[in-house]
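This briefing goes through strands, sheets, domains and the chain contact in turn. Please have the sequence and the structure open while reading.

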Protein chains: 2
Amino acid sequence: MISEKMKTLVANSSVTRAMFEEGKKLAAKYGAENVFDFSLGNPNVAAPAEVKEAIINILQKKDPVEIHGYMLNAGYMEVREKIAAHLNKLHETNFSSANILMTVGAAGGLNVILKVLLNPDDEVIAFAPYFGEYNNYVSNFNGKIVAVSPDTDSFQLNLEEFKQKITSKTKAVIINNPNNPTGVVYSEDTIKNLSEILENKQKELGTSIYLIADEPYRELAYDGITVPYLTKYYKNTIVGYSYSKSLSLPGERIGYLVMPNELDDFENITAAASVANRILGFVNAPSLMQLAVADCVDAKTDVSYYNRNRELLYSSLIEYGFKCIKPQGAFYLFVKSPVADEKIFCEAAKQFNILFVPGSAFACPGYVRIAYCVSYETIKNSLPKFKELAQKYFK
Amino acid sequence: MISEKMKTLVANSSVTRAMFEEGKKLAAKYGAENVFDFSLGNPNVAAPAEVKEAIINILQKKDPVEIHGYMLNAGYMEVREKIAAHLNKLHETNFSSANILMTVGAAGGLNVILKVLLNPDDEVIAFAPYFGEYNNYVSNFNGKIVAVSPDTDSFQLNLEEFKQKITSKTKAVIINNPNNPTGVVYSEDTIKNLSEILENKQKELGTSIYLIADEPYRELAYDGITVPYLTKYYKNTIVGYSYSKSLSLPGERIGYLVMPNELDDFENITAAASVANRILGFVNAPSLMQLAVADCVDAKTDVSYYNRNRELLYSSLIEYGFKCIKPQGAFYLFVKSPVADEKIFCEAAKQFNILFVPGSAFACPGYVRIAYCVSYETIKNSLPKFKELAQKYFK
C-alpha cells in the first residue's frame with residue numbers, strides 16, 4: 001500500500017539497515033568491544049561543556065513561553081543576528097539576520113532550498129563521490145541529479161567533465177567541503193576555477209545557477225588548512241550548515257542556511273525558504289536548541305581528538321598496504337578497495353568484525369568509506385584486524 | 001528563479017505574513033497591550049515545570065554523546081517504549097515501540113505518512129473546516145486534497161457528502177479531533193459512523209483507505225468530554241500527535257506517529273516511515289526533547305487556564321450578538337461572520353485592533369477563527385472592543 005517511490009527507497013535503504021543489524025548481531029556474538037564499526041558518521045566526541053551550560057542557563061533565566069514557543073518560521077531574530085555577526089567576524093562577510101534561516105540540521109536546510117528552487121526535471125549537479133542522500137533530497141522535488149565522475153588521483157573536482165554537464169536545465173550544483181566520504185578539502189584554486197566556470201555558463205545560458213555549499217564539516221580541518229567560504233567566490237552561493245559535527249549535536253537537528261543579498265532573486269528566495277520550512281513540516285528549527293547554539297558560537301569541538309584518530313588509522317592502513325589519499329578534513333578515510341567490487345571487500349572485512357560502507361553508496365564504486373569518529377581505543381584495537389585483512393590481499 | 005509551485009505558495013502565504021506584520025505595526029502604534037491578536041495558535045501557557053526539571057536532569061545525569069547523538073531514525077527505543085506504555089494505560093491499546101515513530105511535531109509526522117502513502121494524484125479527503133496546511137502537505141507529494149463541505153449546524157462530520165466523495169483514488173482521510181478551527185470534538189457516534197463508511201468502502205472498492213488522526217489538541221477537552229481514540233474504531237488508523245499544545249512546546253517540534261500492527265501493509269509502512277523521516281530531512285525528532293517528553297508522559301498542561309478563557313470569551317461574544325457553537329476542545333472559537341464576506345469582517349475588527357483569521361483559510365468562508373490561547377487579561381481587555389465591533393452589526 002506504500003507509494004511506488006517509497007518502495008524503491010525502502011529497498012535501497014535496506015543495505016544500510018542490514019549493516020546496522022549486522023553490527024548489533026556481531027556485537028551480541030563477540031562483545032561490543034570486539035566489533036569495529038566504522039560505518040556511521042556519529043561523533044564519539046561529547047558536545048563542548050558550553051552547550052550544557054547554555055541550555056541550563058536559558059532554562060533558568062528565560063520565560064518558558066519564549067523558550068519553547070513559536071517564533072518566525074526563519075528562527076529567532078536575535079539568534080539569526082548572532083550567527084550573522086559570527087560569520088562576519090570569521091569570514092569578513094556582511095550578513096544580517098535577513099540572510100540566515102534556522103533549519104532542522106543541514107538535511108532540513110538542503111530540503112528547504114531544493115524545494116524553493118526546483119521545478120520538476122530541473123537538474124542538480126553533484127561531484128562524485130558525494131553523500132548518497134543528495135539523490136533522495138533532489139528526488140523529493142522531482143529534480144534530476146547529474147553526477148560528475150570522480151578525479152580519483154586527487155579527489156578534487158573534475159571540472160572538465162563538470163563544464164560539459166551544465167545545461168539550461170542546471171538549477172543548482174552541490175558541493176560538500178570538507179567532503180564526505182573522502183575527507184578532501186577543496187582548495188582555493190579549485191573553488192576559483194569552479195566559480196569561473198559557473199559565471200561563464202550563467203552568461204552563456206542566460207540562467208541562474210545556484211551553488212549549494214553543504215558544510216557540516218567546516219570546522220573539522222587539519223594541518224592548519226583553510227576551507228574557503230564560498231559566498232566570497234561566487235555570488236549565487238547558498239550555504240547549508242549544521243552543528244551536528246562542530247558541536248557534536250547530530251540528534252538535535254540544528255543548523256542554518258545562509259542566503260546572501262547578492263543572490264539572483266534574493267527577496268523571493270528568502271520569502272520562499274521561510275514558507276518551505278513551514279510547509280515541509282519543519283515549521284522552524286527546534287527553539288531551545290536555536291537559543292543554545294547562539295550562546296555557543298565560539299565553542300569548539302575537540303578537533304585534536306579526530307586528528308589523533310586520523311593520524312593513527314591513516315598511517316597504519318598505508319603501512320599495511322592499503323591505498324588512500326590523506327584527508328585534511330571531516331572524519332572519513334576513503335580507501336581503495338583491493339578488489340574491483342568493493343562490496344566483496346566489505347564482506348571480507350566483516351569476517352574480521354570490521355564494518356565500513358561501500359563507495360557505491362557515494363556514487364564511487366571501487367572504494368570504501370571508513371568513519372574514524374569512533375574512540376581512539378576502537379581504532380587501536382582494530383589495527384591487528386586491519387593487518388590481518390590486508391594480508392589477504394598484499395603478500 | 002524560485003519554482004513555479006513555490007511562487008503560488010509564497011503568494012498564498014503572504015496573507016498570514018501580512019497579518020503578522022499588521023499585528024506588529026498596530027502594537028508599535030498603539031502599544032502591545034492595546035492590540036488583541038487572536039490570530040495564532042501559540043499557547044500562552046508555560047510548559048509544565050516537569051519539562052524544565054526533566055531537561056536539566058537529563059543533562060546532569062546522561063552522557064552528552066547519548067543525549068545529543070544520532071539514534072534510530074524512528075527515535076530512541078526507550079522513548080518509544082515509554083510512550084507506547086503510556087498510550088496503553090490511557091486507551092487500553094496494545095502498542096509497543098514498533099508502533100511509535102518520533103517526529104518533528106505533528107506537521108513532520110503528517111508529511112512523513114503522506115510521503116509514505118501517496119502516489120501522484122492520489123486523493124486525500126479532509127472535512128471542512130480544516131487546517132489549511134493540509135493542502136500544502138498533500139501537495140508536497142503531488143496528491144490531491146478533496147474537501148467535504150462543512151455541516152455548519154453542528155460542525156460534526158458531513159458523512160453523507162463524505163460517502164459520495166470516496167473513490168478508488170482515495171488513499172487517506174484526515175480528521176483533526178478536537179478540531180482546529182471549530183474547537184468541536186467529534187462524538188463517538190460520529191466516529192463509529194465514519195468508521196463504518198470506511199470499512200464498507202474498503203470492501204466495495206477493494207482498496208485500503210488510511211484514516212489519519214491529527215491530534216495535537218487531544219488533551220485540550222472541556223466539560224469532562226471524552227475524545228475517542230481512533231485506532232479502537234477503525235483498524236487502518238494512523239495517529240499523528242504533537243506535544244506543542246499538551247506540553248506547550250510548539251517551537252521544539254516534537255511529536256510522534258502511531259502505526260498499529262493492524263494496519264494493512266504494516267511492515268512496509270513502518271519501514272517506509274523511518275526512511276521518509278530521514279530523506280525528508282528530519283532524520284529524527286530532536287534528541288534531547290525526545291528524552292524530555294518521555295520523562296513527562298504524565299505531565300499536564302493547565303486546561304483550566306484555557307477553559308476560563310473559553311467561558312469568558314464565548315459567553316461575551318454570544319451576549320454581544322455573535323453566533324458561535326460552544327467548543328468543547330482546542331482553543332479556538334469559530335464565529336459566524338455577520339457579513340457574507342468574512343474578510344470584510346476581519347478588516348472591520350482590525351479597526352478595533354482585534355486580529356483573527358478568515359474562515360476561507362480553513363476552506364470554510366463566512367466564519368472567522370479566534371484563537372483564545374492568549375492571556376486572560378488580553379481577553380478581558382478586548383471585550384469592550386468586541387462589544388463596539390458587535391454594535392456595528394447588531395442594533
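Strand β2 of chain B (residues 100-103) is covered on both faces: B:Ile100 and B:Met102 lie on one side, B:Leu101 and B:Thr103 on the other, and all four are buried. A residue is called buried if 20 or more other C-beta atoms lie within 10 Å of its own, exposed if 12 or fewer do, and partly exposed in between, with C-beta atoms placed from the backbone. Helices (H or I, at least four residues) and strands (E, at least two) are DSSP runs, numbered from the N terminus. The model is predicted: local features need pLDDT of at least 70, side-chain atom pairs count only at pLDDT 80 or more, and totals for chains, interfaces and linings use all residues. Residues are numbered from 1 along each chain as its sequence is written, while chains are lettered from A and ligands numbered from 1 in the order in which they are written.

**Sheet of chain B**

- β2(B) runs antiparallel to strand β8 (residues 255-258) of chain B, and four bridges join them; two strands pair if DSSP finds at least two bridges between them.
- Within this pair, B:Leu101 is opposite B:Leu257 of β8(B).
- Both strands belong to an open sheet of seven strands with mixed pairing, in the order β2-β8-β7-β6-β5-β3-β4 (chain B).
- Because β2 and β4 (144-148) of chain B are the edge strands and have a single partner strand each, one side of each lacks a neighbour in the sheet.
- On average, neighbouring strands of the sheet are turned by 20° against each other, direction ignored.
- Strands β6 (residues 210-214) and β7 (residues 237-242) of chain B pair in the parallel sense over four bridges, and B:Ala213 stands opposite B:Val239 in β7(B).
- Helix α4 (residues 77-91) of chain B packs on the sheet and touches β2 and β8 of chain B; its direction makes about 115° with that of β2(B).
- Axes here are lines fitted to C-alpha atoms, for helices over the stretch in contact, and angles run from 0 to 180 degrees between N-to-C directions.
- Two residues are in contact if their C-beta atoms, placed from the backbone, lie within 7 Å.

**Sheet of chain A**

- Chain A has an open, mixed sheet of seven strands, ordered β2-β8-β7-β6-β5-β3-β4 (chain A).
- Its edge strands, β2 (100-103) and β4 (144-148) of chain A, each pair on one side only.
- From one strand to the next the twist averages 20°.
- In β8(A), A:Gly255 and A:Leu257 point one way, A:Tyr256 and A:Val258 point the other way, and all are buried.
- β2(A) and β8(A) run antiparallel and are joined by four bridges, with A:Met102 opposite A:Tyr256.
- Strand β7 (residues 237-242) of chain A is also antiparallel to β8(A), over four bridges, and A:Ser242 has A:Gly255 as its bridge partner.
- Strands β5 (residues 170-176) and β6 (residues 210-214) of chain A pair in the parallel sense over five bridges; A:Asn176 has A:Asp214 as its bridge partner in β6(A).
- Helix α4 (residues 77-91) of chain A lies across β2 and β8 (255-258) of chain A, at about 115° to β2(A).

**Chain A as a whole**

- Chain A has 13 helices and twelve strands.
- Its radius of gyration (over C-alpha atoms) is 21 Å, close to the 21 Å given by the globule rule for 395 residues, so chain A is as compact as a globular protein of that length; the rule is 2.2 Å times the number of residues to the power 0.38.
- Along the principal axes, the C-alpha atoms of chain A fill a box of roughly 60 × 55 × 55 Å.
- Buried residues account for 54% of the 395 residues in chain A.

**Domains of chain A**

- The domain assignment gives domain 1 (4-47 + 301-391) and domain 2 (49-294) in chain A; such bounds come from an automatic or database domain assignment.
- The C-alpha centres of the two domains of chain A are 26 Å apart.
- In chain A, 27 residues of domain 1 are in contact with 32 residues of domain 2.

**Contact between chains A and B**

- The contact takes 63 residues from chain B and 62 residues from chain A.
- On the side of chain B that touches chain A, α5(B) gives the most, with eight residues.
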